[in-house]
Amino acid sequence: MTRTEYRWLLPSALADHELSGGDRGRSRRTVRDWLDDITAFLCAAFIGVLALAAIDADHTTPDGVVFVDSLVGAAACCALWLRRRWPVGLAVSLTVVGIVEPVAAGALLIALFSLAVHRPFKPVAIVGAGALAVAPLQPLLRPDPATSFIASTIIGVLLVLLVVSWGMVVRSRRQLVVTLRERARRAEAEAALRAEQAQRLAREAIAREMHDVLAHRLTLLSVHAGALEFRPDAPPAEVGRAAGVIRDSAHEALQDLREIIGVLRGPGEGDEGNRPQPTLVTLDALVEESVAAGAKVTLDNRVADPARAPAATGRTVYRIAQEALTNARKHAPGAPVTVTVTGGPGDGLTIEVHNPAPTAHFERVPGSGQGLIGLTERATLAGGRLEHGSGADGGFGVRAWLPWPA
């Protein structure tokens, strides 16, 4: 059942907390409240009838007094329907009336119970102390022939303490229930926020992956398309080779894009990416691809056994080299690039990519500079560090260190 479906089973004090928006706090009676009110009325009337029967059994009591007691007792029982709206005023009034009217004793006890349930400790303590103080007055002014004064006083005090304590226990339990519900509601909200944050981080990771993968392919397309545009008289063999590189790069870009977008699909919505992920071993293929595109790239891989490198570390080294070669191709076309990889188990992996300043004029390829930021975040998440900047020769270098456990 939903909250609105079982709300009628709760008291209004708890049902109000199940609502939201403008309905909260309107304190409309629920079915549970009506049942409680009817039960309270009947209990007060039953106690009043017993008290009235005891008064009527005393032949010394005038009939006029019995008639007035009946009216006052009926009014006291009917006044209990106001116990939620004015609990303090009703309890004080019935305490005063109960001094001279034994018939109102049942209504007084229920009014004290309602006061303890619906009000905090301070007003309950004040009114309860007043009820205890006047407890001896009622048997003194209207003594019961069948009960002694001391017994009547003790019974009255115990009944007041019992109903007030019971009411405070009910109030504490309701407050505990409300607190637990609020905590559960906050926990649900925090869980939703954490899920939303995880989705945002996943999207950012996918965006960085798309940038690292596609930027490399698209710069190859840009370089070769530009060469075909500015050299229309190139030999047919060179034109065919450039067109082949453009075709292969476009095909690889589509494949990489299909793999990354496949991460966003749910299970069963598409083919699972089964292409091998780049590692330190495939770094040679990346360099060969750049050389085939006309770049001057030299790889110095001093790692004894690249296949032993952790998959995540090797993939990060590959992405750093890929982004660095992409930047070199965009901002220093024609300049020689040196890629150096050193390290081993226990020492970590160090990759350095450096290119001198370009010597010839070239048309700049648009770039946002987010690639180096993404590489820095990638290296940090892998437990390493990355530095980049211009060198003394005017060139640009990227240096990263990544952990390789022994």
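Mentor: A nonpolar core is a set of buried residues such as Ala, Val, Leu or Ile that are joined through side-chain atoms within 4.5 Å, and we shall look for such sets in this predicted model.

Trainee: Which residues have the most contacts inside the largest nonpolar core?

Mentor: In soluble globular proteins, nonpolar side chains tend to be buried together. Here the largest nonpolar core has 28 residues, and those with the most contacts inside it are Leu-280, Val-339, Val-341, Leu-349 and Ile-351. Several elements each supply at least two residues of this core, among them helix H11 (283-292), strand S2 (337-344), strand S3 (348-355) and helix H13 (370-381), while the largest share, seven residues, comes from H12.

Trainee: What is Val-339 in contact with, leaving aside its neighbours within four places in sequence?

Mentor: Val-339 is in contact with Val-297, Thr-298, Leu-299, Asp-300, Leu-325, Ile-351, Glu-352 and Val-353.

Trainee: Why is H12 described as largely enclosed by the rest of the structure?

Mentor: Burial is judged residue by residue, with under 20% relative accessible area as the cut-off. Because 17 of the 21 residues of H12 are buried, this helix is largely enclosed by the rest of the structure. Helix H12 covers residues 311-331 and reaches 30 Å from its first C-alpha to its last, close to the 30 Å expected at 1.5 Å a residue.

Trainee: Where does the largest share of the nonpolar patch come from?

Mentor: The patch lies on the surface, with about 840 Å² of accessible area together, and its members include Val-100, Leu-141, Phe-149 and Leu-161. Its largest share, five residues, comes from H9, although helix H8 (137-141) also supplies at least two residues, and Leu-141 is found in helix H8.

Technical notes. Residues are numbered from 1 along each chain as its sequence is written. This is a predicted model: local features need pLDDT of at least 70, side-chain atom pairs count only at pLDDT 80 or more; totals for chains, interfaces and linings use all residues. Side-chain values use heavy atoms; hydrogens and water are left out. Patches are made of residues with over 30% relative accessible area and no salt bridge: like charges are joined within 9 Å, nonpolar side chains (Val, Leu, Ile, Met, Phe, Trp, Tyr) within 5 Å. Accessible areas come from the Shrake-Rupley method with a 1.4 Å probe; for residues, only the protein chains shown count as cover. A salt bridge is a side-chain nitrogen of Lys or Arg within 4 Å of a carboxyl oxygen of Asp or Glu. Helices (H or I, at least four residues) and strands (E, at least two) are DSSP runs, numbered from the N terminus. The expected span of a helix is 1.5 Å times one less than its number of residues. Buried means under 20% relative accessible area, exposed over 50%, partly exposed in between (1.4 Å probe, protein chains only). Contact means heavy atoms within 4.5 Å.
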